[in-house]
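User: I would like a close look at one part of this model, with the packing described contact by contact. Please keep to what the coordinates show.

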Amino acid sequence: MMLLRLISWPYARKHRLRWMLTMAGIVLGVGVFVGMHTANQSVLAAFRETIDKVAGTTQLQITAGEPGFGEEVLEKVQSVPEVRAAAPVIEATVSTGQGNLLILGVDMLGDRSLRTYDLEGTDEAIDDPLVFLAQADSLIVTKTFAGRNGLQVNSRVPMRTMQGDLIFTVRGIMKPGGLASAFGGDLAIMDIYAAQKFFGRGRRFDRVDLALRDGVTLVAGAAKLRNLLGPGYEVSPPSSRGEQFEQTSRIYSLASNITSIFALFIGMFIIYNTFAIAVTQRRSEIGILRALGATRSQIRALFLTESAIAGSIGSGLGVLFGILMARAMASYIGNILTDVYGVAQRADGIQVDPVLIAGAWAMGIVTSLFAAVIPARAAAYVDPVKALQKGRNQALSEGESLLRRWAALDCAGMAVVAVVFSRSTVIFYAGFVLSGVAAVLLAPSLTLWLSRVLRPLLAVARPVEGTLAADSLIQSPRRTSGTVAALMLSLALVISLGGLARASYDSLADWMRIALNPDLFVTTAQSVTSRTFVFPASLGDGLRAIPGVDEVQLVRSVRVPVKGGPVMLVALDVGSVERRAKLPPVEGDAASMYRRTERGEAVLASENFVRLHGGKLGEVLEIAAPNGMLKLPIAGIVRDFSDQQGSLLISREAYIRAWNDDSVNVFRVYVKQGARDSDVRQRILDTFGKQQRLFVLTNKDVRDYVTRLTDQWFGLTYVQIAVAVLVAILGIVNALTVSITDRRRELGVLQAVGGLRRQIRHTVWMEAAAIGFIGLVLGLLLGAVELYYAIEISRRDLVGIDIGYAYPFRTALALAPVILIAAFLAAVGPSESAVRGSLVEALEYE
Amino acid sequence: MNRMLFALALVASCVHAQDARQIMQEVQKRQHSTSQHYEGTLEVIGGGNRIATKRWTFDRLGDFGASKGVLRFTVPAEVKGVGLLIVNHPDRASDQWIWRPAIGREQRIALQDRSTRFFGTDFSFEDLEERDVEQYDYKFLGEEAGAWKLQSTPRKSSQYTYGYLWVKKDNYTIVKIESYNKKGLVRVIDYRDFEQVKGIWTARTTEVHDVTRNSRTILKYDKLEYNIPRKDPDFTLDALRRGA
């Protein structure tokens with residue numbers, strides 16, 4: 001404690017800026033981690049909360065995937081003696097001028113056994129239940145939604161339905177709280193039979209909510225219902241819907257976790273760098289302490305305590321920063337997940353998880369401590385005699401360099417071996433870590449080597465300033481190497497994720513060229529992923545009759561449980577798709593696989609389904625459907641990007657037979673040769689646009705939509721990359737600040753013997769540029785390796801698609817000026833500090 | 001409707017079991033008719049004495065325990081055309097369907113929902129059933145103000161556990177019913193303004209009081225007719241859809 005007060009505190013006060021920069025590294029690292037996790041968790045929590053609130057006293061829910069099931073199931077369930085109350089539900093999310101509105105279609109006669117509708121200004125559930133039921137346009141809205149939109153009882157709400165543009169009437173306003181607070185309060189209640197009509201659901205329900213009689217256990221009740229309904233139905237508590245969504249959005253969570261941990265890892269290098277520098281600068285102090293009897297463990301403890309304090313303060317600030325960031329990101333992430341997965345999200349507030357906060361705080365401290373272990377050890381072993389010698393303390397000893405190089409080669413060798421045996425996930429990830437460790441260990445030697453290479457080049461540019469800048473780096477590789485390592489890692493992250501994104505876009509473009517080749521798409525929403533509304537199949541005949549239409553393909557996409565997880569089932573006219581948009585086979589006989597699938601004898605599995613769910617060619621898949629278990633072999637494996645969790649292509653006829661559902665999500669329309677897309681589009685809109693909710697998207701619209709979705713997907717990754725780069729740039733500022741401080745006397749002497757301020761500035765700028773350049777070169781090289789791992793991780797554990805290796809040269813080229821400019825900007829402050837300081841003080845320094 | 005609400009009263013046993021049942025059998029006998037038609041006005045007096053008024057027509061074919069009835073709302077315009085078909089069975093709960101012209105479909109009223117209120121009124125869907133005297137056990141409790149007080153207990157599934165009813169001694173008409181569930185008194189029904197229509201003593205006004213919500217519904221019957229020609233096909237789902 002005394003050492004902290006007498007040694008550490010004065011040092012920290014003297015180097016306030018450096019400590020602030022150090023802490024900024026950990027603040028950003030922890031902040032990104034907390035921000036991403038809290039925002040993700042808030043979205044999931046909001047989803048779970050909506051489920052809880054909508055569930056009311058529901059104990060079990062009966063579902064059959066997204067297609068739902070026929071009304072007859074309700075009567076079956078209601079006839080079970082163990083069931084006290086069962087009520088059908090349709091959930092739909094519609095866009096209003098004020099964002100998404102969750103509409104709950106319920107049977108108001110029986111639903112109040114499960115849910116409480118607490119209405120404003122009346123003790124009634126609805127002002128006039130008969131009018132509510134008699135008038136199909138009836139809505140009950142929440143007070144929150146009414147307040148936001150200036151609605152009262154009898155106010156009109158326009159909505160685009162499958163019956164065309166209609167005006168709905170508010171016939172009740174729910175008090176806030178309970179059900180009314182689900183989905184952020186943007187909730188409306190509609191009669192379920194009206195909802196069937198307006199959302200085009202036919203005589204189907206999404207699910208049945210039920211409560212059991214007193215004394216009947218959940219297990220017994222669920223077992224009875226499963227026996228009654230068969231394997232095509234899921235009987236589970238409401239909470240399992242939250243779990244399903246988490247399973248669906250798993251990829252997003254995993255991807256964001258990886259990048260946020262990476263940010264923290266980069267922050268660790270900043271801390272390492274700062275402490276390594278601090279040890280070097282305080283060698284004489286440490287030597288004196290050791291000479292006065294301080295033990296090695298006391299010195300080590302001193303540095304580790306300093307690190308823990310810095311980590312503790314930085315992590316605390318990082319947590320606060322992360323919470324602020326989560327507030328800004330939660331609704332954005334919610335919208336992304338809504339668009340990508342077609343499941344409505346509404347996360348207005350954030351849910352701060354104390355365990356996460358404590359974990360992040362502890363992680364920040366542990367990271368700081370870990371980063372300080374090597375410098376603390378170095379401090380503990382400082383030789384008091386050598387400590388008094390100046391000038392050599394920033395240099396790396398030959399032994400140290402050799403040891404690092406050997407360790408790096410060992411790690412690199414093991415990483416290469418791991419690639420050979422990468423079938424094992426553990427070995428693969430071990431190889432990934434080892435490759436990073438090898439790069440980090442090699443960074444000081446490579447920094448030194450590159451500094452030497454740069455010296456003549458810098459000298460050519462500016463003989464005095466260039467030489468001084470290069471010598472500063474050569475003489476003090478310890479000071480620079482941490483910063484270079486941080487920059488190298490962050491740039492490697494940019495290259496690997498940038499390359500992954502580029503390759504994804506390219507693969508996506510290839511797929512879109514083949515799979516999304518119809519001229520027009522008739523959909524129920526602007527968002528192609530939305531599955532709230534569905535068309536009747538009969539509209540297909542109407543579309544075929546439109547002049548200029550050559551062919552119409554009917555597509556029904558639904559998420560159904562397969563192999564224990566929700567998988568996208570795409571039911572379509574397989575024969576027509578084979579002719580028009582044949583997806584290239586990854587495995588299987590291209591000639592027969594489409595024919596077998598068309599006959600309903602097999603399915604086509606997407607490449608990512610096979611990878612992520614462990615399927616293989618010829619394997620018989622068991623797909624539970626309301627009309628019994630479908631047992632279909634995988635006839636072929638194709639590259640399909642319809643869904644991140646993988647997709648199964650099935651014949652429309654087989655789907656209709658198994659699910660009793662002939663509705664359609666999208667009509668793919670091919671226009672006759674000679675006819676203009678725009679004319680046909682207008683004809684479709686003129687013929688059907690006023691009768692029902694219908695959007696006609698051009699091929700370009702759909703491609704743009706998919707690309708925009710992908711942009712959104714990578715958007716947050718880019719933000720994280722930006723933070724990682726920012727952390728690395730902070731490292732440059734830190735290194736330069738230290739460099740200026742270290743060379744204050746040297747720079748003072750230079751000024752005293754006639755050196756111009758301009759020359760001092762140029763020296764610092766060139767040193768910064770050299771650090772940036774070295775970091776850039778090493779980052780681009782490591783990026784080439786990391787890109788391989790990024791593509792492999794994506795293929796194995798994220799999207800399951802082999803997108804091929806292609807180094808992002810454009811990104812690399814674009815990075816060069818960005819990093820050099822950033823390095824220059826990072827140098828402005830330190831260089832001004834170098835030239836504006838008192839010459840006398842500089843000469844007196846040390 | 002008044003006949004249907006009388007059905008709530010069909011209930012009793014013990015020392016006077018035979019007497020109580022005989023009383024109820026006589027009530028049922030005196031109410032006997034092969035068919036019925038009336039137009040009704042319904043007033044729901046809710047919180048703050050807010051009154052909602054509706055009109056409907058009602059037709060019945062058959063008698064207690066095996067009758068069929070069709071109810072159609074006529075006023076106000078927002079509810080016009082909404083219909084209800086009730087098919088009573090001697091041995092089990094009735095089947096009921098609502099016809100909703102706005103969405104062009106009928107909706108079956110599930111058994112579990114029979115205890116819910118009939119469209120915001122103070123009686124339930126179950127109260128619309130016509131149950132035969134044999135579907136209850138009876139108990140004679142005594143005499144009060146010129147009426148016999150009986151206790152009835154349903155033999156088949158019901159929201160009520162028991163009820164009290166008062167039968168006027170002079171004309172065997174039910175003048176009051178109290179219905180109880182496990183928690184206590186739920187509903188009180190008073191029958192008033194009796195008149196003889198084709199020889200049948202008929203209440204022209206019925207008042208239902210929901211004790212838990214403290215609201216009242218008053219039913220008034222006009223154009224009452226008994227034993228008029230009615231055909232079976234007019235009491236089917238098709239007829240309900242057609243609006244016959």
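At what angle do helix H16 and helix H26 of chain A pack, and how far apart are their axes?

Analyst: The model is a predicted one. In it, helix H16 of chain A, residues 463–475, packs on helix H26 of chain A, residues 757–798, at an angle of about 50°, and the two axes are 8 Å apart. H16(A) is therefore oblique to H26(A). The crossing of H16(A) past H26(A) is right-handed.

On the H16(A) side, the residues that meet H26(A) are A:Val464, A:Glu465, A:Gly466, A:Leu468, A:Ala469, A:Ala470, A:Ser472 and A:Leu473. Their partners in H26(A) are A:Gln759, A:His762, A:Thr763, A:Met766, A:Glu767 and A:Ala770. By class, this contact of H16(A) with H26(A) holds seven nonpolar, five polar and two charged residues.

H26(A) also packs with helix H15 of chain A, residues 425–461, here at an angle of about 155° with the axes 9 Å apart. That angle is why H15(A) counts as roughly antiparallel to H26(A). H15(A) likewise passes H26(A) in a right-handed crossing. Among the H15(A) residues in this contact are A:Phe428, A:Phe432, A:Leu446, A:Leu450 and A:Leu458. H26(A) contributes residues including A:Phe773, A:Ile774, A:Val777, A:Leu782 and A:Tyr789. The classes in the contact of H15(A) with H26(A) are 17 nonpolar, three polar and one charged.

A:Leu487 counts as buried because 32 C-beta neighbours lie inside 10 Å. Setting aside neighbours within four places in sequence, A:Leu487 is in contact with A:Ala728, A:Gly731, A:Ile732, A:Gly775 and A:Gly779. A:Ile140 is 347 residues from A:Leu487 along the chain, and their C-alpha atoms are separated by 56 Å.

As for the setting, chain A has 28 helices and 21 strands. Of its 846 residues, 53% count as buried. Among contacts in chain A with a separation of 6 or more, 84% join residues 24 or more positions apart.

Chain A also touches chain B, with 19 residues of chain A in contact with 21 residues of chain B. On the chain B side, strand S2 (51–61) and strand S6 (105–108) each supply at least two residues. That side of chain B has nine nonpolar, six polar and six charged residues.

Methods. Residues are numbered from 1 along each chain as its sequence is written. Chains are lettered from A and ligands numbered from 1 in the order in which they are written. This is a predicted model: local features need pLDDT of at least 70, side-chain atom pairs count only at pLDDT 80 or more; totals for chains, interfaces and linings use all residues. Axes are lines fitted to C-alpha atoms, for helices over the stretch in contact, and angles run from 0 to 180 degrees between N-to-C directions. Helices (H or I, at least four residues) and strands (E, at least two) are DSSP runs, numbered from the N terminus. Angles under 35 degrees count as roughly parallel, over 145 as roughly antiparallel, 65 to 115 as roughly perpendicular and the rest as oblique. A crossing is left-handed if the near helix is turned anticlockwise from the far one by less than a right angle, and right-handed if clockwise. Two residues are in contact if their C-beta atoms, placed from the backbone, lie within 7 Å. Ala, Val, Leu, Ile, Met, Phe, Trp, Tyr, Cys and Pro count as nonpolar, Asp, Glu, Lys and Arg as charged, and the others, Gly among them, as polar. A residue is buried if 20 or more other C-beta atoms lie within 10 Å of its own, exposed if 12 or fewer, and partly exposed in between; C-beta atoms are placed from the backbone.
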